[in-house]
Each structure stands twice: as structure tokens, then as C-alpha cells.
Amino acid sequence: MEDQSKKYEGKNSVIEFVEGWDMIQTLGEGAFGEVKLLVNAKTGEAVAMKVIDLKKHANAAETVKKEVCVHRMLNDPGIIRFYGRRENGNFEFIFLEYASGGELFDRIEPDVGMPQVEAQRYFKQLIAGVSYLHSRGIAHRDIKPENLLLDANDNLKISDFGMATVFRFQGRERHLDKRCGTLPYIAPEVLCRKYAAEPADIWSCGVVLVAMLAGELPWDVPSNDCPLYTSWKECQITRLPWTKIDTLALSLLRKVLMPLPGKRYTIQQITNHQWFQKKFKENMPVSKRLCSDVVDAGLSPPSSDATHLSYSQPGLGFFSGSQPVHQNDTNDDQEPNKHLPGAMFSFSQPAHIDDMLLNSQLNTQTASGSSISSPLQRLVKRMTRLVAKVSCEEAIKHLSQQLIKLGYTWKIHTPGVVTISTQDRRKMQLVFKATVYDMQTMVLLDFRLSRGCGLDFKRHFLAIKHKLADILCSAPVTWSIATATNSIP
Ligand SMILES: Nc1ncnc2c1ncn2[C@@H]1O[C@H](COP(=O)(O)OP(=O)(O)OP(=O)(O)O)[C@@H](O)[C@H]1O
């Protein structure tokens, strides 16, 4: 088959990955590579593709094999669907259900969190997903808001099975001993002894709940040399973040974040708890919020319900007709583009359906002239994007100057991508990237976390945003739509 990808090489265009499937944007970055969005130019179907550079890390191949092995066993609405994998040279490609709502992490406002009603909804879905995993004998071992994705209907999906393992097989359960996870979310027993799988995941869910209700993490690490943790153990709840959380939620957290795993609440007990069952008053239904955002922007409301505003998801073997991807196949017939997309996408010459839709969102009109109702529209408050009123070059220049003033270390490896390095509040490495996109009528600065604490990343983002005030659009008419849409790059 002709390698169509060659046609689209170049940093200023959308790249066709395999025939009919365009690589639109980078969705995120992980330890072993990037996650890209693939869209079928004809049908609009969307797929997330995890690209793993097997040569980059010594243990990448083994880790990925295990991840695939676990993930392909799972089939539940609360879990990101696994479609298949493909290997090509040094790269492994994993095809996954696309979660167009982004990360749960993006819904948490630093130091604030989110309304209880929303936190409860996400927590219920998280617990349902974890319950399914445990019923299949799988422990996730890295539950945190960055690994909890949201679909077009704002439903939570557990993702990233890189640390997952089987703890129960044919009715026989084993204790785990691998110390893995992310320190602030990890259960205390994981750090010091063999541990039971289920209570350890449940603990991490509790920390996610704290992050949702308070917008901050309760401790750096649950060990006795961390004063914030020891004070929790001693039931001292008269300080932050506990003072931000209401009594009923706190009473649940006391049981979920119970240091002794044997005394910790089980999923059954969590679901029976009053806070879990309480009917909180809705602030405003999502669909109403969607309409009011549109009205705020001076635009006509969408014709369809928010629940329909998504890409459709292909079934297994979504390349059928050209190149089927079976879950355990390695298929080299179609050469994936080795040159993964560069930065500085330009949408000035839309050649694909996606480009038109992207532009239509910004212009509030679809190519056919109808008002906002494209299936790509998603109401996602991505808080780490900015719109500049200057050119790409000026935006980068200004950003670089401000980064120097603020004392950051930064580099430009790829044109249009500024990589910023610093330390988080725990003195751990924090790396994030600012990618500058030319959107024809405006310049978009998209900040994304590469490594480190997500909440600290947001704090740094706000400091940088403040310094960039001079070059930012204050209130463009289309901005609430643009920011609210996860479909722009
Ligand atoms: N299916 C998906 N749909 C949309 N975005 C996704 C999807 N999968 C991953 N992402 C984005 O890419 C990011 C990195 O993905 P993921 O965590 O799976 O990679 P990883 O290499 O396993 O990362 P980690 O370093 O956490 O192990 C996610 O946090 C998310 O923002």
C-alpha cells in the first residue's frame, strides 16, 4: 500500500498516519512517549494512539507488553477501551478509545477543587470503575487525576495500565510487593511491606477525592517523616486541606484514608456511606451551562444536547477495510509515519474535515454556514490555554523574556515548543511545555504538564499567565467557545 503519510510530512500540516487517518494533535505525554489523536478524515471517528519509543527506556518494551496484556482483558464503560496495538521498528503504537473531555485533573481548580456535586459524581464513577477492575482481579496501582480521563459526556474513564497487575487469578489472590504509584497518592503500606491490592487502590481514590474537594494534596508522601501525614494519623483536622472539606465528606475520608489497610473501608462500605449516597443540589445542569456559555459569548446556542457533542468511537479493528488491527497483531504492512508531527500546526488551509471543524469552532460557523452544532464541540474548561494577540514569533519571544524574569530554565528543541523546567513545592522535578499554535485569526499558547505535580504546574501556569497579560487577548468574542473546546489543538 502506498505510504500516504509522506504526502503530509512537514511541520505546518496535519499528518496522515495511515490511509484515511490523520494525526491531529498531541493529547498528552507520558513516561515512554506521547499520546496522539487520530481522526478518520471521512467518518470523523477518533482514536487515541499511544506512541512508545521502545529504545528510549530500557524497560519500555517489557512495561508496554504488560500494559497491553492487562488492558486488553478489560471491557467496561468505566475503563478506556483498548482497540489494538501495532509495532513498527522502535515504536509501539497502542490504539485506545479517545477521551475527548481530557483529564479529570483539568477540572480541579488549584486550592479550590470543584463543587461537591461534581466531585461526588466523578467519585462514584471512579469507585464503579475500580470495583470492575478488582472484580477482574486487576489492581491499577497508579490512580490519580491525570490517569482519570473524561469522555464527551463527562463520564470518567480509568486509563493508563502501565503499573497495573493481576492480583487474583482463578480465585487465588496474592499480595503485591512492587513499590509503585505516585507518592502523594500511594497508600502507606505500599512503601514498606507486602500489601493487599484492593485497599491500596482504594486509598488512592481517597486522595483523589481530597484533590477534588480541596484543590490540593494532603501530603507529599504518607510516611512518618511527613508531618502533614502524621498529623492526619493523629486526627488533627483543624488545618488545610481538611478545613475546606465538609464534615460528611471528612467522615468518609477518615475511613478511606485509614492508615491500617485492614481497617480501611471496602468499596461496599464506601458506596453505603451517607456522603456517597447524599443527593447534592445540582448547581446547574451541564446542558444549561453549555447554553449559557454560548450565550455569554454572544452566540446562538447549540442545537444538539451536550451528550451528543462527541466524536464517535470506532469499534475494534477500526482500520478494517484497509489494515485490520487485531488486538494481538503486529502488523508492519503499513508503515506508520516515523516523523511524528512537529509543532506549530497551522490551520490556515483546511484540507481535512477536522481542520474545517476546528476553524468553524473559532468562527462559530460551520463550513456549511450553520450555527455551532459540530460534533467536535466539547465543553471542556481547559485552564491551561491562552490566546495571544501577537504573532507566533512575538509570543515566543515575549514568553521567553518573561520566563527569564521569573527564573525558569527553558529550552526550544522543536520550533514552537518551549520546554520549561523547574521544581515543584516538594522539590521534585517539574517540566511543562508551552506549544504555540498559529490558528490563523489568533495565536494559541497551550501549556501542558510533562513531568511532576499537576497542581503545582497549574500554579506556575497562573504566574506565567499573569506576566503575559500584555500580549493576551482580554475577552475575544469566541474565546469562551474556543477554551471550552477540547478539539482545538
Ligand atoms: N485515550 C485517551 N484519550 C485522550 N487523552 C489521552 C488518552 N490516553 C492518554 N491521554 C493523554 O495523554 C496523557 C499521557 O497518557 P498516559 O498516562 O497513558 O501515558 P503514560 O506514558 O502511560 O504516562 P505515565 O507517565 O503517567 O505512565 C494522559 O494524561 C492524557 O492527558
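These legends go with close-up views of a predicted model. In it, local features need pLDDT of at least 70 and side-chain atom pairs count only at pLDDT 80 or more, while totals for chains, interfaces and linings use all residues. Residues are numbered from 1 along each chain as its sequence is written, and side-chain values use heavy atoms, with hydrogens and water left out.

**View 1. The shell around the ligand.** Here 17 residues surround the ligand, and Ala31, Lys50, Glu97, Glu103 and Asp160 are the closest (a residue is near if one of its heavy atoms lies within 4 Å). By class, eight are nonpolar, three polar and six charged. Strand S2 (21–29) and strand S4 (46–53) each bring at least two shell residues, and S2 has the largest share, with three (strands are DSSP E runs of at least two residues).

View 2. Polar side-chain atoms sit 2.4 Å from a ligand oxygen in the case of Glu103 and 2.9 Å in the case of Lys50. On its own the ligand exposes 610 Å², and the protein buries 86% of that (Shrake-Rupley areas, 1.4 Å probe).

**View 3. The nonpolar cores.** A core joins buried (under 20% relative accessible area) Ala, Val, Leu, Ile, Met, Phe, Trp, Tyr and Cys residues through side-chain atoms within 4.5 Å. The largest has 93 residues, of which Phe123, Leu126, Met212, Leu445 and Phe447 touch the most other members. Helix H3 (residues 197–214) gives this core its largest share, 13 residues (helices are DSSP H or I runs of at least four residues). Another core, of 19 residues, lies apart from it and includes Phe32 and Ile94.

Definitions and conventions:
Buried means under 20% relative accessible area, exposed over 50%, partly exposed in between (1.4 Å probe, protein chains only). A polar contact is a pair of N or O atoms within 3.5 Å; within protein, one must be able to donate a hydrogen and the other to accept it, and residues adjacent in sequence count only if both atoms are side-chain atoms. Ala, Val, Leu, Ile, Met, Phe, Trp, Tyr, Cys and Pro count as nonpolar, Asp, Glu, Lys and Arg as charged, and the others, Gly among them, as polar.
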